[in-house]
Amino acid sequence: PKRGPHNPFEEYGPKTKSLGSGFIITRDGYILTNDHVVSDSGQITVATQDGRQYIARLVGRDEKTDIALLKIDAKQDLPTAPLGNSDQVRVGEWVMAIGNPFGFDHSVTVGVVSARGRFIPGNYDEFIQTDASINPGNSGGPLIDLRGEVVGVNSAIYTRTGSNMGIGFAIPVNIVKEELPQLRAHGKVVRGWLG
């Protein structure tokens, strides 16, 4: 869904049938993706690289950071993507985005970290900006550093055309790691506030 014709920040996926990406973080089948990929979904189907398909359960979601946690029940241990340290990411560092752009599954694109701490109206305000090519369908896929560790979750692009213009945004993985215990235990993230 787009946020509106006046706003060049675009989230991926049509409302009726959302197509997105995700990655497995535990051997027993916990998966990270974007909240907007699963926000209006009924049944969530996960296809893994070996061609298998699973019906996933939505464990938890957080609209503010655009993160969702899914669970699939596989009969065997699954390969996982190691979570890195997004605080160590530096501007100019090479990164890779992996996802399912326009339905071309398991696509890898390469770029650099363009900036840190970017603000997108209505969302969390510490996005990683990258020029790695990100397009509709990449939502929820990992942004990986040269050590092979996930440093971000691809979430949005800046576009005037509907496709990549060299400005993509990812949620820092350290924020995601802080949220995971609450998502698993309560299905949501509870934040303190003043006022």
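1. At 58% relative accessibility, Asp 73 counts as exposed, where exposed means over 50% relative accessible area, buried under 20% and partly exposed in between (1.4 Å probe, protein chains only). Its side chain meets that of Lys 71 in a salt bridge of 3.1 Å, N to O; the term denotes a side-chain nitrogen of Lys or Arg within 4 Å of a carboxyl oxygen of Asp or Glu. Lys 71 is buried, at 10%.

2. The model is predicted: local features need pLDDT of at least 70, side-chain atom pairs count only at pLDDT 80 or more, and totals for chains, interfaces and linings use all residues. Residues are numbered from 1 along each chain as its sequence is written, and side-chain values use heavy atoms, leaving out hydrogens and water.

3. The whole structure contains eight salt bridges. One of them joins Arg 27 to Asp 77, with the closest N and O atoms 3.7 Å apart. Arg 27 lies in the loop between β2 (23-24) and β3 and Asp 77 in the loop between β6 and β7, so the pair ties together parts that are 50 residues apart in sequence. Helices (H or I, at least four residues) and strands (E, at least two) are DSSP runs, numbered from the N terminus.

4. Arg 191 forms a salt bridge with Glu 179, the closest N and O atoms being 3.0 Å apart. This pair links distant parts of the chain, with Arg 191 in the segment after α2 and Glu 179 in helix α2, 12 residues apart. Glu 179 is buried at 5% relative accessible area, whereas Arg 191 is partly exposed at 36%. Together with Asp 62, these two residues are linked in a network of salt bridges.

5. Glu 179 also marks a kink of about 40 degrees in α2, shortly before Pro 181; the bend is the angle between axes fitted to the seven residues ending there and the seven starting there. The buried residues of α2, including Ile 175 and Leu 183, pack against β3 (30-33), β5 (53-62), β6 (67-71), β11 (150-158) and β12 (168-172), contact meaning heavy atoms within 4.5 Å. Gly 187, with a positive phi near 80 degrees, follows the helix.

6. Most residues other than glycine have a negative phi. Phe 102, however, has a positive phi of about 55 degrees, and His 106 one of about 60 degrees. Phe 102 is exposed at 52% relative accessibility, while His 106 is partly exposed at 38%.
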